[in-house]
Amino acid sequence: MNMIGLPLDRTDGLLKVTGEARYAAEFPAARLAHAVLVTSTVPSGSIASIDSARMQSMPGVILVMTYQNAMKLPNGGRPPLAPPAGRHLSLLQDNQVHYSNEPVAVVVAETLEQATDAARQLRITYQSAPATLDFARAKSTAHAPDKPQGRQTDTLRGDIAAGLASGTTRIDAVYTTPMEHHNPMEPHAVLAMWDGPKLTLYDTTQGVSGAKTAVSKTFGIEADNVHVISPFVGGGFGCKGSSWSHVTLCAMAAKQTGRPVRLALERPQMFGPVGGRPMTEQHFVIAARGDGTLTGMRHDTYSNTSVIEDWTETCAMVTRMLYAVPNQSTTHRLVPLNVGTPTFMRAPGEATGSFALESAMDELAWALKMDPVALRLKNYAEVDPQDNKPGASKGLREGVRVGAEKFGWSRRTPAPRSMRDGNTLIGLGMATATYPANRSAASAIARILPDGTATVASGTQDIGTGTYTVMTQVAADAMGFSPDAIRFALGDSSLPQAPVSGGSQSVASVSPAVRDAATQVRARLVAMALADPASPVHGATPDEVTVENGWVISMKDASRRDPAGAILARAGGQPIEARASVKPGDEKQKFSFHSFGAVFAEVHVDADLGMIRVARITSVYGVGRLLNAKTANSQLMGGIVWGIGAALEEKTDLDTRHGRFVNANLAEYHVPVNADIGAIDISFIDEVDPHINSLGAKGIGEIGITGVSAAIANAVFHATGVRVRDLPITLDKVFMGSTQA
Ligand code: MOS
């Protein structure tokens, strides 16, 4: 492999910076009509009246679609697939309201301005019903979800009571994380058009084939009558992994108007109808002996869901696998609230769970007067403690060692408030990062064209991560072509099927399919050349030739060489192609697959004002073979930046009287800007996972955010002596904590 790992620039970079890359809301259509989504203003109840008749006479208005006139869907529009593949959507099939900001109408007009005007003036009155909005109070009615994300709801190993009793030092603490909402630069958007029975959707999605399945089943039409196209996605971090109400509503509006219809969500509509991270409350009890050996660990977690669907933030997954603790119990409980259904949001479960676990471990280290790094190594899990399987690759020990050295951990003096520079309190903290290394079945096609170039395609997605680029590299490497001679296509449900770009699985799933298809088509090209008496390489055996830059070359005599274009031309000028479908084998039965990392953070806290700056982060990751050092670095940096945001800034504020999110905009929902970010130093353990796939590559999409908020919380404690257990760590919490201390 000589292309794999190179820091190639993004193949789609030029298209993006010049504005040529076309996103869902930018596709043109003849006779395009514009839709605006109208959402509820009460969190519970039913629609009492809608003055849609008046709207119909407003300029340009084509349709005001409400529960009164919306087309009837099979089975009342209930999800034909089990959640989360099929969501419980709001498709105007009845007048019920389950949360504030729930879709209740769609206004379609000739122009976006006319649709917006009519939508703003549409008066809807509601019959309100009591709403459940107070998490703390509703907790008493929490229920156990059924197999969240296909995993066990609760786990128990060893004897938890005896384990907790046998420790001499004990931590008993509750950690909370807030609701957060996805704010990719590109909000959800879709363009729907019907041609007879056929529906085309230009959608911004993390899964074209999942969208095709969900929408076709919702309409009760043949799957192959739905074509989903999504060449560019302006960020998708889990929210675009499901097809939400607006997609089907847009298709319904297109059907009812007989026009192509475009519907783009407004920024405030990102808060509720399209998922988000639920709030969590996590209770840890940890016991250890004086030497740091863990004897017992209990992790009880609560997260909110909606009243229409169970969705679980699986906070305890990381607790189950990270440390070699013999006695452990973990639980997940759900608290339904009258809010939109939560969903996957970058490292769902691991981002929030690692905050609680790695904060608690830091608290334990301090209670034991033990170095936090030493405590973690003391309880290092050589095998996955939950299922006793060995890790297929585990660079964590090495990551901790390298990270500590690069970061300068040895300069840390253990006591809180012991490091300062004038009025600045300096804190150093660390935490573990981890995320499962997932893989699913995927397929691809590789085709060499008569002009000597190639197209390679898979129905995967590039959600900003670099899929176009790394798959081009994988194909170029396997085929012996220059990356410049390969055009990679994706984001189209008519291409060979690939999984949702979620769960950090695209590279691990799709690259072996691309590699397989590319290897096969290369073999066909070589065979054609060798069999052709007119070829300069005629008569050689396949292992006597190589393919470089699209030329089949004799390894004995490099002057004997034949370019792909000539080989195909002599054979009649037809393209040659190969398809591959690959899927995981039984390796998951034998090995535990995870990516790991160690995160070190230095914070600076103003001693008087409590203002926190993250001066620097040093992270070292073991993520298997890197396919592209540059996109990998960018991916992890994005995750770390988000981790800083989660630690210090992000929170959706729910008004528990009215069920409104009061900061549903980018002015008041704070995400990091460049000025918030200090130095970020990312490096990798040289690691190839021998079992996960033919490339040895694990995923890197989500691990970057994990561990970061704990490392920062731990650093803030070290700087100030104030332990903040509820995110985000805002200066008031540090300030109040220090005045109480
Ligand atoms: Mo990721 S939260 O599985 O898109």
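**View 1. Contacts of Ser-209.** Leaving aside residues up to four places away in sequence, Ser-209 touches Gln-497 and Ala-498, where contact means heavy atoms within 4.5 Å. The model is predicted: local features need pLDDT of at least 70 and side-chain atom pairs count only at pLDDT 80 or more, while totals for chains, interfaces and linings use all residues. Residues are numbered from 1 along each chain as its sequence is written, and side-chain values use heavy atoms, with hydrogens and water left out. A polar atom of the Ser-209 side chain lies 3.5 Å from the backbone oxygen of Ala-498. Ser-209 belongs to helix H6 (residues 208-219); helices (H or I, at least four residues) and strands (E, at least two) are DSSP runs, numbered from the N terminus. With a relative accessible area of 15%, Ser-209 is buried (under 20% relative accessible area, 1.4 Å probe, protein chains only).

**View 2. Surroundings of Val-190.** Val-190 is in strand E9 (residues 189-195) and is buried, at 0% relative accessibility. Not counting residues up to four places away in sequence, Val-190 touches several residues, among them Leu-201, Tyr-202, His-246, Cys-250 and Val-261.

**View 3. The sheet E7-E15-E14-E13-E8.** This open sheet of 5 strands has mixed pairing; two strands pair if DSSP finds at least two bridges between them. Strands E7 (155-157) and E8 (169-177) stand at the edges, each with a single partner strand, so one side of each has no neighbour in the sheet. From one strand to the next, the twist averages 10 degrees, with angles running from 0 to 180 degrees between N-to-C directions and axes being lines fitted to C-alpha atoms, for helices over the stretch in contact.

**View 4. The pair E13 and E14.** Strands E13 (residues 280-288) and E14 (residues 294-306) run antiparallel and are joined by 9 bridges. Val-285 has Arg-298 in E14 as its bridge partner.

Note on methods:
Buried means under 20% relative accessible area, exposed over 50%, partly exposed in between (1.4 Å probe, protein chains only). A polar contact is a pair of N or O atoms within 3.5 Å; within protein, one must be able to donate a hydrogen and the other to accept it, and residues adjacent in sequence count only if both atoms are side-chain atoms.
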